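Have a look at the screen while I talk.

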Amino acid sequence: MFIIGIAGGTGSGKTTVVKKIMDELNPEQVSVIPQDSYYKAAEPGVPLEVLQKKNFDHPDAFDWELLFTHIRQLREGHAIEQPVYSFLRCDREPNTIHIEPTNVVLIEGIMALYKKELREMMDLRIYVDADPDERLIRVIERDVIERGRTARAVMNRYRAVLKPMHREFIEPTKEFADLIIPRGGDNMRAIRIVRSYIRRKIGQEE
């Protein structure tokens, strides 16, 4: 199994990069593990208005042990039940997604390169970079449309949480990357290079 980590700040275009990498690839040979699925479950009885104030950009927000366990299980040839996280409810859903082992696994998330234990499982580490203004615009568009937040609330959160968390925890992981993709999902040349690299790994020559 070949494991690729894809990290980058919130709104950097990681998910777009992954989707474009997956274009034309066989999903039976390449699978995606979104780190967003591994946010910790909410404590019982906590009101939604409290959960909505959760800092999703801090390392403590993630269930690292479950993520480590699932990647090890996939690497050993065992299927996993991937959690499903709802940002509207700020909690895990009761259902899971069944994931079978594949030749290549892409681990995508803001802190995919943060933990040494996870980095050491990876064969290739990628950091998706983007201009801060572009990241803010994408975060506003995403959170207003998908997560029901107001533009002002998103901007306040960006100043108070996203920007300082990015500087402290996410941007420093760039030094662990083997490959940096600037301009996010708009960088089709870099995306084609990564896709070709994966194709060679799974024996699917272009």
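I'll go from the whole chain to the sheet and then to the rings.

Quick housekeeping: this is a predicted model, where local features need pLDDT of at least 70, side-chain atom pairs count only at pLDDT 80 or more, and totals for chains, interfaces and linings use all residues. Residues are numbered from 1 along each chain as its sequence is written, and side-chain values use heavy atoms, with hydrogens and water left out.

So, the chain. We've got seven helices and seven strands; those are DSSP runs, H or I of at least four residues for helices and E of at least two for strands, numbered from the N terminus. In sequence order, that reads β-α-β-α-α-β-β-β-α-β-α-α-β-α. The radius of gyration, over C-alpha atoms, is 17 Å, close to the 17 Å from the globule rule for 206 residues, so the chain is as compact as a globular protein of that length. That rule, for the record, is 2.2 Å times the number of residues to the power 0.38. As for burial, 47% of the 206 residues are buried, and buried here is under 20% relative accessible area with a 1.4 Å probe, protein chains only.

Now the sheet. It's open, five strands, parallel pairing, in the order β2-β5-β1-β6-β7; a pair needs at least two DSSP bridges. Strands β2 (30-34) and β7 (179-181) sit at the edges with a single partner each, so one side of each has no neighbour in the sheet. Twist averages 20 degrees from one strand to the next. Between β6 (residues 124-128) and β7 there are three bridges, and Tyr-127 is opposite Ile-180 in β7.

Lying across β1, β2, β5, β6 and β7 is helix α1, residues 14-22, at about 165 degrees to β5. Angles run from 0 to 180 degrees between N-to-C directions, using axes fitted to C-alpha atoms, for helices over the stretch in contact, with contact being heavy atoms within 4.5 Å.

Phe-62 and Trp-64 are a tilted pair, 5.6 Å centre to centre with 55 degrees between the planes. Phe-62 is buried at 3% relative accessibility, and Trp-64 is buried at 8%. Both belong to a cluster linked by ring pairs, including Tyr-39, Phe-56 and Phe-169.

Key: Rings of Phe, Tyr and Trp (its six-membered ring) pair if their centres lie within 6.5 Å; planes under 30 degrees apart count as stacked, over 60 as edge-to-face and the rest as tilted. Buried means under 20% relative accessible area, exposed over 50%, partly exposed in between (1.4 Å probe, protein chains only).
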